[in-house]
Amino acid sequence: MIICVPNVLAADELGTIRKELEHAPFVDGATTAGWSAREVKRNQQVDPRSESHGRMADIMRNAFLRNGLLQAALLPAATTMAMFNRYGTGMQYGPHVDTAVMGGMGSAVRSDIAITLFLSDPESYDGGELVVHTSGMEYEFKLKAGEAIAYPANTLHHVKPVTRGVRQAGIMWVQSLVRDPARRELLWDLESAKRQIFGKEGKTETFDAISRSHANLLRMWADVI
């Protein structure tokens with residue numbers, strides 16, 4: 001299940017992050033890649049020890065937590081700290097699969113879902129599309145600044161070479177209450193149906209029946225400690 005979400009960041013939040021990125025310290029992005037992904041990762045990322053990183057990470061996390069669409073679709077139980085990357089001309093991230101578990105003892109997060117929050121206007125750079133491989137197909141994404149895409153972290157994916165300008169984005173991983181992506185997709189279908197029925201008909205018997213099924217399946221499948 002791949003979901004593109006508009007207006008994740010408000011205009012003032014996007015402006016604040018962009019100003020932080022102008023002066024933030026960047027390091028080689030390969031330092032946080034796994035041993036195999038390190039061979040194909042050619043980008044830069046904001047030093048996670050910097051004050052700029054902490055301020056931007058707080059903005060991204062708060063935007064994620066208040067977004068009803070992302071909360072309903074992903075059913076988050078935990079998230080990693082956000083990272084912020086930059087791809088200049090010639091930079092790319094070759095095909096890779098994200099690390100399955102991120103963080104250390106006491107703070108480990110299973111990476112069920114990856115989120116990319118686009119921070120650069122798509123007209124300001126060429127290339128840099130996020131390509132997700134799924135079901136034998138490749139899907140390319142290049143969203144507007146402030147929009148986000150959520151996709152299964154267990155998929156092979158890559159970022160195409162940037163040929164002009166600079167591509168900047170925020171990245172975060174989510175551990176879902178529901179581990180199985182097929183079950184998450186089924187729950188999201190039911191949630192979407194609920195919203196459509198309520199919007200057209202209000203709180204009907206059909207709405208109540210779907211709501212009950214949705215709630216009971218979530219109760220059955222949710223992994224709550």
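1. Contact here means heavy atoms within 4.5 Å. The structure is a predicted model, in which local features need pLDDT of at least 70, side-chain atom pairs count only at pLDDT 80 or more, and totals for chains, interfaces and linings use all residues. Residues are numbered from 1 along each chain as its sequence is written, and side-chain values use heavy atoms, with hydrogens and water left out.

2. Arg-167 is listed by UniProt, in an unreviewed entry, under "binding site"; UniProt positions follow the numbering used here, feature names are shortened, and annotations may be inferred rather than shown by experiment. Arg-167 belongs to strand β17 (residues 167-176). Helices (H or I, at least four residues) and strands (E, at least two) are DSSP runs, numbered from the N terminus.

3. Is Arg-167 buried or exposed? Arg-167 is buried, at a relative accessible area of 2%. Buried stands for under 20% relative accessible area, exposed for over 50%, and partly exposed for values in between (1.4 Å probe, protein chains only). Setting aside residues up to four places away in sequence, Arg-167 touches Asn-85, Arg-86, Tyr-87, Thr-116, Phe-118, Ser-120, Tyr-125, Gly-128, Leu-130, Val-159 and Val-162.

4. The lining of the largest pocket comprises 32 residues, and Lys-41, Met-83, Asp-98, Met-102 and Trp-173 lie nearest the pocket's centre. Elements giving two or more residues to this lining are β6 (83-87), β7 (92-96), β15 (157-159) and β17. The largest share, 4 residues, is supplied by β6. On a 1 Å grid over the protein atoms alone, a pocket is an open set of points where a 1.4 Å probe fits, with protein on both sides within 12 Å along at least five of seven lines; lining residues have an atom within 4 Å of a point.

5. Helix α4 (residues 181-201) has 21 residues and reaches 30 Å from its first C-alpha to its last, close to the 30 Å expected at 1.5 Å a residue; the expected span is 1.5 Å times one less than the number of residues. Among the buried residues of α4 are Arg-184, Leu-187, Trp-188 and Ile-197. Their cover includes β1 (3-5), α3 (68-74), β10 (113-118), β17 and α5 (205-221).

6. Met-60 sits in helix α2 (residues 51-66) and is buried, with a relative accessible area of 2%. Apart from neighbours within four places in sequence, Met-60 is in contact with Ala-82, Phe-84, Ile-115, Leu-117, Gly-170, Ile-171 and Met-172.
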